[in-house]
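Subject: Structure for your files, with notes

Hello,

Here is the structure I said I would pass on. Please open it alongside the notes below.

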Amino acid sequence: MRVYQTNEIKNIALLGSAGSGKTTLAESMIYGSGIIKRRGTVEAKNTVSDYFPVEHEYGYSVFPTVFHVEWNNKKLNIIDCPGSDDFIGGAITALNVTDQAVILINGQYGPEVGTQNNFRYTEKLHKPVIFLINQLDSDKCDFDNVIANMNAIYGSKCVQIQYPVSTGPGFNAIIDVLLMKMYTWGPEGGMPTIVDIPADEMDKAMELHKSLVEAAAENDETLMEKFFEEETLSEDELREGIRKGLVTRSIFPVFCVCAGKDMGVRRLMEFLGNVVPFVSEMPKLHNTRGEEIVADLNGPESVYFFKTGLEPHIGEVSYFKVMSGKIKSGDDLTNADRGSKERIGQIFACAGANRIPVDELVAGDIGCTVKLKDVKTGNTLNGKDCEWRFDFIKYPNPKFSRAIKAVNTAETEKLMSALLRMHQEDPTWLVEQSKELRQTIVRGQGEFHLRTLKWRLENNEKLAIKFEPTRIPYRETITKMARAEYRHKKQSGGAGQFGEVHLIVEPYAEGMPDPTSYKINGQEFKINIKGREEINLEWGGKLVFINSVVGGAIDARFMPAILKGIMDRMEHGPLTGSYARDVRVIVYDGKMHPVDSNELSFMLAARNAFSAAFKEAGPKILEPIYDLEVYVPSDYMGDVMSDLQGRRALIMGMDSEAGYQKLQAKIPLKELSNYSISLSSLTGGRASFTTKFASYELVPNDLQQKLIEEHAAEAEEEE
């Protein structure tokens, strides 16, 4: 394989809803370019793209697959992305390292929720889009209706390059209004026969050709002037106008294909090679210092690793994009993120599970290597005198979480090691050992996402694991003032234990003035502040600790122990064992013994005094509330709203967005536990949602009592 230069390389993300046919299209592209001699099928489990066992098990793409095709002296690096919203991380990764998105649309259903999600990310990252309508041979395909829906959603920017002469099982011909030719195929597809457009199709073809010429001309002043003078453009001028329109996202070309029968695929690759922008024509990326990085093969050597694959008998396969310079086997580079030295072994052009050795790869190209010593996803390797780092891929917040544990506790360490490796493969699998919840939490994009993780652990790693509901990180606080005292006394021969603490607790709000006195049950307590500590709690909120002890009732050396006892109860709240927050504690009196008093005694006395006062101070449990955005087709809106209201959600607003309704709400985290499953069931998988932490709010009284009783029952079981 020859070395392609930067101006001969195009990087493309292949996107679309589950079932739109991306893997089948990828297979036809690889076959058409000659890399494979026989086309595989998803059903036969022998495609280049879906080659992991878990993908064969479920019949879905789970990981983005990197492959390339050589076409008309161009190298097209293509990343076939999973279609399920649960695996959106693969699409986000691909869009960040490519310059063009091809979005497949299932001709039976038109734009689906996956189409909308993918399009939103292309919009956010300002990536050019080509729409490709597939499954034209289905008897359910209504091409005109699909186009009407696309125009309603994406507007006049959708411009047809092609249309089918007819759809259904007899589909075998496409009219191309850029070339003004008709492409026809035999039953086995493959190489087309190119003929003149029939007379009965000419009027429709000319009308669409005129619309294409106008759309192309709008992207260049010179072309616009020529169009006004001659009312037409040459084929090359059309391509130039479309290319410029792609870069500015002012035109979304629409192509037709039947990937399953290998019809239209070669014409698509021809367009990708001739018209899609080169790396050099796209907006430049920036490093973490904000410096613009140009894909220059003569620049400093810098390589960004965007994906890690774990393959049997090989180990880690590291996928990279050459950001600058060129990379060769044997290069010695420095890991900018980890500080370690790394020698690059053999480098490869990617073709799914197949890898083709190459001598070098230049700026803008994508490849992979194996057996690196200390390189993780997101790392940058640089040559001499270059210290660039990149951090441009941002993943969405997780939507679904479960506690995970090994059935055999002796395998806990092995489980954690496997989870960390899998996070390298898919950064949207998040793992957290929660001290607060006393659970190991795995978070992902949905129930299917975590089910896939479980399958791999059980089948690939031979680990028996179980999922449990994730505990909710409640918070405890108080709503009024209360006073308590506690004496800790223990005598067991020899030195005993003695400590007595009197304290007042009250709710704390930012900016509250320090207290001067309290009146409790007709008795006045004067406050003479000897010391004050304001502690920003790592879980949010504050503890303000005031020492107001006078007359030497408690020696100052015991104050740290008293604070430690209070903090212990703040970490294990008196109601449910959850973290407490926003409390002011005033220690105003106490007693000590000249022999038996020590730090432990005062810590225990303070702990119990604080707990008693807390329970008398109108204690309340706070629950985490999340901002929720649901993207849902209009005909499901009523069902979705009813479901949310049953989940204690507060509807904040509704908007229309690209053919879907966007519903905004605030919802307790407890009610989100199985929301992804419920939403999918309600809408047939056609809705999606995002969440973001908003605040902590008081739980209803009936729920608070239930939580307290559940915690008490758990405590009894543990005893």
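Predicted model: local features only at pLDDT ≥ 70, side-chain atom pairs only at ≥ 80, totals over all residues.

Residues are numbered from 1 along each chain as its sequence is written, and side-chain values use heavy atoms, with hydrogens and water left out.

The chain as a whole

The chain has 16 helices and 40 strands; these are DSSP runs numbered from the N terminus, helices being H or I with at least four residues and strands E with at least two. Along the principal axes, the C-alpha atoms fill a box of roughly 105 × 60 × 50 Å. Of the 719 residues, 56% are buried (buried means under 20% relative accessible area, exposed over 50%, and partly exposed in between, with a 1.4 Å probe and protein chains only). Among contacts (heavy atoms within 4.5 Å) with a separation of 6 or more, 71% are between residues 24 or more positions apart.

The chain exposes about 30800 Å², and carbon and sulfur atoms supply 47% of that area (Shrake-Rupley method, 1.4 Å probe; for residues, only the protein chains shown count as cover). There are 83 positive and 102 negative charges, and their mean positions are 6 Å apart. Lys and Arg count as positive and Asp and Glu as negative, with His and the chain ends not counted; each charge is placed at NZ of Lys, CZ of Arg, CG of Asp or CD of Glu.

Salt bridges

Side chains of opposite charge can pair when their charged atoms come close. The count here is 45 salt bridges, each being a side-chain nitrogen of Lys or Arg within 4 Å of a carboxyl oxygen of Asp or Glu.

Asp-176 pairs with Arg-267, with the closest N and O atoms 2.6 Å apart. Asp-176 is in strand E8 (residues 173-176) and Arg-267 in helix H9, so this bridge ties together parts 91 residues apart in sequence. Both ends are buried: Asp-176 has a relative accessible area of 0%, and Arg-267 has 4%.

Asp-137 and Lys-261 form another bridge, at 3.8 Å between the closest N and O atoms. Asp-137 sits in the loop between strand E5 (129-134) and helix H5 (143-154), and Lys-261 in the loop between strand E11 (252-256) and helix H9 (265-274), 124 residues apart. Asp-137 is partly exposed at 22%, as is Lys-261 at 25%.

In the bridge between Asp-555 and Arg-557, the closest N and O atoms are 3.7 Å apart. Asp-555 is partly exposed at 31%, whereas Arg-557 is exposed at 51%. Elsewhere, salt bridges with shared partners join Asp-220, Glu-240, Arg-243, Lys-244 and Glu-281 into one network.

Two other places to look at

Lys-542 is in strand E34 (residues 542-547) and counts as buried because its relative accessibility is 12%. Leaving out residues up to four places away in sequence, its contacts include Tyr-508, Glu-510, Glu-534, Met-570, Arg-581 and Asp-582.

Glu-709, Glu-710, Glu-714, Glu-716 and Glu-717 form a negative surface patch (patch residues have over 30% relative accessible area and no salt bridge; like charges are joined within 9 Å, and nonpolar side chains, namely Val, Leu, Ile, Met, Phe, Trp and Tyr, within 5 Å). Glu-717 is in helix H16 (residues 701-718) and is exposed, with a relative accessible area of 70%.

Regards
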